Amino acid sequence: MNSYRFLSAYYDRFTRDVGYPQWADYCVQRFQEAGIAPAIVLDLACGTGRLCAELAARGYDMIGVDASAEMLMQAMNRTLELSPRPLFLHQRMEQLDLYGTVGACLCCLDSVNYVTDPHALQEAFRRVALFLEPGGLFLFDANTEEKFARINGEVYLREADDVYCVWQAALEGRRCTYSFDLFARQENGLWSREEETHEERVYPQDELIAMLEKAGFIDIECRFEPLLAPVDGQRDRLFYSARKKS
């Protein structure tokens, strides 16, 4: 579960509508607002490394961490020509262990919702604070309760060349389960079918803020970013920022 064992090979083809340059712009803007110029930036739950690549191209020394070995393989292949190349580590968020500190940490595209155990997410926040430099910035986003209620029971389809994916969201309490069916055309013309199940947890805004405070963060802010909204007019995602004490 949540391994992206099959979906990783097609993830980028299904997410071409995600504006990673705009996400990079947002991160740089928040750095500037906070008055920091981080030399090293951690991309926690970096996936296929597209945001890592965007920020590396802008001069940041990047570290990408992800729990999926398959997604990290895609990230490594993507960044072969970059100099300096991002460093990629295979770790779960709550097991984050770096060789030193970083000036900023990013955790984007509702990755915190994928940590379905609140105790594990609390530990992840603690570890982010541990490896941030004093005054360093932590940026992440989370799906809202309104989004989970809206997508409950909905079926979605994504298509690309010779592959398509159908999935359904089912909300029960605070847990949302995504059931994926992935169909790919093989060289012999036949179609293969693979199945994956992913889970996310609903985290209300006040719960996330309380976790950040418990981890020792200050200057905690939460805002809506219309330019990064996945669906126009829908407050599907809230953006959080927090600073480690100087």
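**Entry 1: α2 and α3.** I kept in mind that this is a predicted model. I began with helix α2, residues 20–34, and helix α3, residues 50–57. At what angle do α2 and α3 pack? I found about 60°, and their axes lie 9 Å apart. Angles from 65 to 115 degrees would count as roughly perpendicular and those under 35 degrees as roughly parallel, so α2 and α3 are oblique to each other. I also noted that the crossing of α2 past α3 is right-handed.

Next I looked up who touches whom. On the α2 side I listed Y20, P21, W23, A24 and V28, and they meet R50, L51, E54 and L55 of α3. Sorted by class, this contact has seven nonpolar and two charged residues, with no polar ones.

**Entry 2: α5 and α7.** Is the crossing of α5 past α7 left-handed or right-handed? I found it to be right-handed.

Which residues of α5 meet α7? I wrote down P118, L121, Q122 and F125, facing E207, L208, M211, L212 and K214 in α7. The class count for this contact came to six nonpolar, one polar and two charged residues.

How values were computed: Residues are numbered from 1 along each chain as its sequence is written. This is a predicted model: local features need pLDDT of at least 70, side-chain atom pairs count only at pLDDT 80 or more; totals for chains, interfaces and linings use all residues. Side-chain values use heavy atoms; hydrogens and water are left out. A crossing is left-handed if the near helix is turned anticlockwise from the far one by less than a right angle, and right-handed if clockwise. Helices (H or I, at least four residues) and strands (E, at least two) are DSSP runs, numbered from the N terminus. Contact means heavy atoms within 4.5 Å. Ala, Val, Leu, Ile, Met, Phe, Trp, Tyr, Cys and Pro count as nonpolar, Asp, Glu, Lys and Arg as charged, and the others, Gly among them, as polar. Axes are lines fitted to C-alpha atoms, for helices over the stretch in contact, and angles run from 0 to 180 degrees between N-to-C directions. Angles under 35 degrees count as roughly parallel, over 145 as roughly antiparallel, 65 to 115 as roughly perpendicular and the rest as oblique.
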